[in-house]
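Hi,

Here is the structure I promised to pass on to you. Please have a look, and then read my notes below.

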Protein chains: 2
Amino acid sequence: MKRVYNFNAGPSPMPLEVLEGLKEDLTDFRQTGMGITEISHRSKEFQVMLDETKALVHHLTGLDDSYKVVFVQGGGTMQFIMTAMNFLHCKGAYADTGVWTTKAMKNASYYGTVYEASSSKDKQYSYIPKTVKVEAGTDYLYLCANNTIYGTEYQAFPRVEVPMIADMSSNMLSRTYDFTKFDLVWAGVQKNLGAAGTALVIVKESLLERARTDIPEFFRYETYVKSDSTYNTPPVFSIYTVNRTLQWLEKLGGLTAMEALNRKKAAEIYAVIDGSEGFYRGHAVKEDRSRMNVTFTLETPELEAEFVEQAKAHGFIGLKGHRLVGGLRASLYNAVTLEAAEALAMFMKEFQNNH
Amino acid sequence: MKRVYNFNAGPSPMPLEVLEGLKEDLTDFRQTGMGITEISHRSKEFQVMLDETKALVHHLTGLDDSYKVVFVQGGGTMQFIMTAMNFLHCKGAYADTGVWTTKAMKNASYYGTVYEASSSKDKQYSYIPKTVKVEAGTDYLYLCANNTIYGTEYQAFPRVEVPMIADMSSNMLSRTYDFTKFDLVWAGVQKNLGAAGTALVIVKESLLERARTDIPEFFRYETYVKSDSTYNTPPVFSIYTVNRTLQWLEKLGGLTAMEALNRKKAAEIYAVIDGSEGFYRGHAVKEDRSRMNVTFTLETPELEAEFVEQAKAHGFIGLKGHRLVGGLRASLYNAVTLEAAEALAMFMKEFQNNH
């Protein structure tokens, strides 16, 4: 069947050339006579591939070897837990920007004291708080760089004196950031980086020194660093999809080129919203708008349902808002093409004209 | 490149027809116009596929709906931890058959008291202890059905009055067992069931009622049952490889046919060992030999290195023993063909003749 325009919030589209390339790898990975899912994670071939992947992350982010790159299973929830398990001694500060930071706090609370250093709850999480209050004795500030559900994204980060931990699941490597501001960055890969099954974690060595050691080895970031992500069998295929996707990203021109393209894509959709005279209503305030997830509503839930249905008939998938908040959402991750964004913008205008 | 004879201990070979079928699915899964890694885990298409997979597990094992099938990330180590976190109230009994049960005990010890209910440590784990001593007040007996490193496998299980938990990572669905003897069975899928990235867990409802609730939702089996394995984004591709592999297994004739084939494959290699007049030395005692992992040694480490090298030159991969114990090992998981086992047997005879 013809490929659809896929605006899923994650798992989400992958570059077609990456997927096509993976087909051969399923039965013969790099002339080994074995598929990528069949090679040993203790083999030279796996190690070379893993080393490449880590080098790509370093090159794309500009981070030096004082940052370590590891892959961890268990998705975001595992990271909510591991960040606290490892680094929460006294108290952890959380910048509350919606569902994901709330979940992070809730999970962290099993391991120590947590508190809100800021919150945009007062206005339905439609903005990014610009200041944070960090109490004395705080171990770290935790934030979520892009909020898929509310469609907000940090354009700049607060300056604090404590280590910064960022959930970048939904905008990792979609734009330039000064990554050196962070001590730990993690991202589930199923949005911008590859196929669901692993989180990419970048952790600064100096932060590792502050980690607890009274927890099982499995939960220690140190373990993943020391074992080079092979403490136990890693999700080889998922890591390899990251390898291929980052190669694609490099070829495209890296983060600067990606950011320019993502700006254009988002601008297409926001322009329709802003020019619709209230027919489409953006949720996020303009200055904090996400380039990854455009969230909007129509006048009634019925009209929204009609929008989703008609869009689907026209080959646009994944436009329903998150099940917790409703509304509509177009996710524009790296692999969503400019053509797809333009086609959606056109469809939105037509839909408005017909109503 | 020509496909090699792959005897890797895990990740390990997958059926060629499954891999070939997956290629199309990477760009167009079941006529959705999206690849399997691109569909939403909240979509109807994913749910149908998940339901099929669970039904296949029920059908192949013969287990009824009082057993729940879930998929959990994090591999074996996560299961070492979760089984204890959930079910260890007073004390846990462990049948010690080597590295994997030792690791399970070590991880469990973070959450309560554990003890050895039996052990074959006295003879380098070359046999399966036939009796277990379960103390009063024990929450469960934990065992490992097949031991990849030492090449031993339970042919029958001890009878105990407490719930039984089995790590079947390396022989799951490779043979018939009376699965109703167990209250929880888990298996990393990368040996017999699919591509690394998920563990298959089958848990009896009555055991769930005994689970702790003072742990994060993420670690509770109950959460995976209630959310139907989608508490957070599951490793969709990995689960789908299980779906395809179990379909292949059904078509082959289910567990009875698979067991017959696996017996034949193992018999080929053991026959060479037993007929070699001490040139090849099997590690496990005959009655407890694993059909999945044939472990053996040669007179010297030098000769073993030569064996591995020559085997590789002849297209046989993965014959080195586990890094912790050395020696040689041929893993004969479900997807290893009879032809591959016969070819290896022939090679072993020739190697002996030349020495």
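The largest cavity has a volume of about 70 Å³. A cavity here is a set of points on a 1 Å grid, laid over the protein atoms alone, where a 1.4 Å probe fits but cannot get out; points are joined across faces, edges and corners, and the volume is the space filled by probe spheres set on them. By this rule there are five cavities of 30 Å³ or more.

Before going further: this is a predicted model, where local features need pLDDT of at least 70 and side-chain atom pairs count only at pLDDT 80 or more, while totals for chains, interfaces and linings use all residues. Residues are numbered from 1 along each chain as its sequence is written, chains are lettered from A and ligands numbered from 1 in the order in which they are written, and side-chain values use heavy atoms, with hydrogens and water left out.

Back to the largest cavity: its lining (residues with an atom within 4 Å of a point) includes A:Phe71, A:Met78, A:Phe218 and A:Tyr224, as well as B:Gly74 from chain B. By class, that lining has seven nonpolar, five polar and no charged residues. Ala, Val, Leu, Ile, Met, Phe, Trp, Tyr, Cys and Pro count as nonpolar, Asp, Glu, Lys and Arg as charged, and the others, Gly among them, as polar.

**Where the chains meet**

Chain A and chain B each give 62 residues to the contact, meaning heavy atoms within 4.5 Å. About 4800 Å² is buried between them, with 57% from carbon and sulfur atoms; this is the accessible area (1.4 Å probe) that the two parts lose on being put together, summed over both.

There are four salt bridges between the chains, each a side-chain nitrogen of Lys or Arg within 4 Å of a carboxyl oxygen of Asp or Glu. One of the salt bridges pairs A:Glu38 with B:Arg3, at 2.6 Å from N to O. On the side of chain A that touches chain B, the elements giving two or more residues are α1 (16-27), α3 (75-87), α4 (99-108) and α7 (236-252). The largest share, seven residues, comes from α1(A). Helices (H or I, at least four residues) and strands (E, at least two) are DSSP runs, numbered from the N terminus.

**Backbone points to check**

A cis peptide bond joins A:Gly10 and A:Pro11, with omega about -5°, and A:Pro11 lies in the loop between β1 (5-6) and α1 of chain A. In chain B, the bond from B:Gly10 to B:Pro11 is cis too, with omega near -5°.

Best wishes

How values were computed: On a 1 Å grid over the protein atoms alone, a cavity is a set of points where a 1.4 Å probe fits but cannot get out, and a pocket is an open set with protein on both sides within 12 Å along at least five of seven lines; lining residues have an atom within 4 Å of a point.
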